[in-house]
Amino acid sequence: MIKIEKLHKSYPIGKGSLHVLKGLDLHIKEGEFVSIMGSSGSGKSTLLNIVGLLDNHDTGNYYLNGQLIENLDEKKAAILRNKFLGFVFQSFNLINYKSALENVALPLYYQGIGRKERNKIALQYLDKVGIKDRAEHLPSELSGGEKQRVAIARALVTNPKVVLADEPTGALDSATTHSVMELLKEINREGMTVFVITHEEDVAAETDRIVRLKDGIIISDEKVQKKSNRISYV
Amino acid sequence: MIKFLFDTDTWQEIYSSIRKNKTRTAITIIGVMWGIFLLVVLLGAAKGVENNFNRLFGDFATNSVFVWAQQTSKPFKGFQEGKSLTLKMSDLESIKKEIPGLEFVVPRLQDQALAVNDFKSGRFGVFGDYPELDEVQKMDMVYGRFINHNDIIEKKKVCVIEEEIYKQLFDKDVQPIGTYIKINNINYKVIGMYKKGQIGSGGPQGNIHIPFTTFQQVYNRGEDVGWMMITGKPGFDITQIEADVKLLLKNLHKVHPEDDRAFGSFNLGKEIAKVTGFLTGMQFLTWFVGIATLIAGVFAIGNILLITVKERTKEIGIRRALGAKPWEIKRQIILESVFLTSIAGSLGIISGGIVLMIIDVTLGKGDEPALTNPTVDIPIILIAAATLVILGTLIGLIPAHTAVSIRPIEALREE
């Protein structure tokens with residue numbers, strides 16, 4: 001689903017440049033639940049931005065759904081994002097003057113789907129994440145967990161190939177974190193590829209595969225040993 | 001694009017964006033509204049002043065010149081300077097024959113006379129006139145008719161009086177037509193009454209008009225002419241006609257060709273041209289001020305949208321992460337700009353129209369209005385509205401470009 005070969009990325013800083021990603025190789029298959037671990041500055045956000053087509057890479061190859069990503073202009077990138085990717089952000093990034101339902105329906109608007117159809121689909125997804133009854137509320141009237149559920153519903157609404165979650169639990173307390181991770185797991189069980197970026201061990205432990213990043217290189221890539229009823233939250 | 005314009009969602013987006021910034025939207029709208037409001041009101045007022053001038057001069061054919069005889073100021077062909085000159089009927093024939101491009105040449109005789117009706121009397125200006133006077137100086141008849149050719153041929157003792165004279169010589173509500181008044185002890189039948197024009201000639205007391213031939217006979221004027229009114233055909237320069245007529249008259253009356261005092265004249269066309277020039281200048285100024293204000297208003301909209309876009313950077317970033325194409329973001333902002341300018345423009349035109357109506361009611365009424373029919377032509381309004389929409393689109397391009405030039409990742413990073 002996502003295949004990265006010898007990926008390099010550097011940012012210009014003053015006269016020099018900061019080499020953030022130093023030749024990453026990563027292959028994520030369809031249906032995997034992967035987390036990228038790393039402290040701040042390890043390059044994990046940069047990786048997500050490149051995978052999410054929000055940023056360009058310098059050298060190396062990136063295949064999304066078997067398609068080589070190169071020479072993307074903004075229009076093509078927008079179409080690919082809309083079609084293949086669903087984003088979940090740490091700060092939720094909901095549009096604050098739109099109701100939960102409208103927020104979820106927004107990606108469908110950019111697909112050119114009519115209002116009625118859009119709201120019907122959006123409502124299905126709100127139901128799926130368990131907050132159908134909050135559909136008409138504005139983000140300011142929702143709790144953190146509810147906001148993230150709206151954001152997840154929004155990421156799922158276009159039926160993407162990959163859900164990219166950037167610190168999805170970073171702004172949530174541990175109980176809410178658990179329920180959000182359960183939701184992501186459930187989505188993964190239904191066959192969705194989920195790609196989580198986090199610096200929390202607990203969150204990473206919930207996923208099936210942990211890729212550790214340090215100073216722009218992958219230092220480890222291992223499957224998580226599944227324990228039944230594993231409770232590791234404090 | 002068409003689908004985009006008629007899509008409920010499009011307008012929903014604009015509505016929510018406007019609702020989010022009520023105060024700012026209102027201030028912006030007022031900016032543009034003020035511009036077009038000024039344009040409409042100034043143009044309307046200028047038009048009103050122009051109409052007023054037209055109404056003042058409207059009684060006269062505007063390409064007219066009045067000519068009369070004075071005294072010579074240079075000796076010529078054995079005559080001393082200071083010779084009194086009098087226009088003759090034969091001069092008129094020569095003028096008509098020699099000078100091209102004349103519409104009318106109307107001779108007039110003038111005197112003061114005592115007019116009496118029963119016990120009421122007054123001194124008024126008496127004029128001997130031809131029916132053609134009505135062509136050169138439109139008579140606004142209230143009752144009856146003006147002098148006709150039959151009156152001229154039969155030298156009838158009839159008169160046309162001004163409303164002012166009726167007020168002085170008649171009791172209220174008495175029908176003057178058909179009654180007789182005495183002018184210098186001769187009875188004249190009143191055949192018509194007219195309303196005073198804006199430019200009166202003769203005494204302030206009012207004028208009485210009798211047939212030219214009757215005047216000649218009664219006052220024993222022979223072939224003399226007091227003065228004449230000459231109008232040129234359209235396309236002929238009245239100033240040239242004035243010069244030609246005077247030169248011809250000098251020739252006929254054996255006056256030195258360079259004697260400028262022998263014949264007096266008043267060129268109405270020239271006087272009107274001065275006023276028209278002033279009005280054109282005023283209209284130019286109006287357009288200049290109006291359009292400048294309009295542009296300032298449109299720039300205010302552009303500025304506000306730019307700030308809005310800056311504030312909405314994050315939102316725009318989210319939308320783009322969700323798959324909004326740059327053009328979709330752009331057109332939304334441009335439409336917002338056009339929508340705001342159009343609303344503001346319409347409000348400005350409506351309020352301008354209302355103010356013009358108020359001006360019309362307060363300043364445009366009465367006998368001596370300051371303005372007449374202050375109006376703005378529909379095409380001008382349409383042009384102004386179209387200009388607004390075009391300017392709105394152009395100015396919207398700037399914030400729209402800013403909105404998509406920020407990369408979504410940078411926009412999302414913004415807190």
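Two strands pair if DSSP finds at least two bridges between them, and the strands, like the helices, are DSSP runs numbered from the N terminus (H or I, at least four residues, for helices; E, at least two, for strands). I'm working on a predicted model, where local features need pLDDT of at least 70, side-chain atom pairs count only at pLDDT 80 or more, and totals for chains, interfaces and linings use all residues. Residues are numbered from 1 along each chain as its sequence is written, with chains lettered from A and ligands numbered from 1 in the order in which they are written.

**Entry: the hairpin.** I began with S4(A) and S5(A), residues 67-68, which pair antiparallel over two bridges. A:Tyr63 sits opposite A:Leu68 in S5(A). The two strands form a hairpin with two residues between them, and A:Asn65 in the turn has a positive phi of about 55 degrees. S4(A) also runs antiparallel to S1 (residues 2-13) of chain A, joined by five bridges. There I found A:Ile4 opposite A:Tyr62 in S4(A).

**Entry: the open sheet.** I traced six strands of chain A in the order S6-S7-S8-S3-S9-S10, with mixed pairing. S6 and S10 (217-223) are the edge strands, each pairing on one side only. The twist averages 20 degrees from one strand to the next. S9 (residues 209-214) of chain A and S10(A) pair antiparallel over six bridges, and A:Ile210 has A:Glu222 in S10(A) as its bridge partner.

**Entry: H5 and H6.** Next I looked at H5 (residues 144-156) and H6 (residues 174-189) of chain A, which pack at about 15 degrees with their axes 10 Å apart. For angles, axes are lines fitted to C-alpha atoms, for helices over the stretch in contact, and angles run from 0 to 180 degrees between N-to-C directions. The pair is therefore roughly parallel (angles under 35 degrees). Residues in contact have C-beta atoms, placed from the backbone, within 7 Å.

**Entry: H2.** Which residues of H2 (residues 74-84) of chain A are buried? I noted A:Ala77, A:Ala78, A:Arg81, A:Asn82 and A:Phe84 (buried: 20 or more other C-beta atoms within 10 Å of a residue's own, with C-beta atoms placed from the backbone). These pack against S4 (59-64), S6 (85-88), H3 (100-109) and S7 (162-166) of chain A, together with H11 (313-321) of chain B.

Technical notes: A residue is buried if 20 or more other C-beta atoms lie within 10 Å of its own, exposed if 12 or fewer, and partly exposed in between; C-beta atoms are placed from the backbone. Two residues are in contact if their C-beta atoms, placed from the backbone, lie within 7 Å. Angles under 35 degrees count as roughly parallel, over 145 as roughly antiparallel, 65 to 115 as roughly perpendicular and the rest as oblique.
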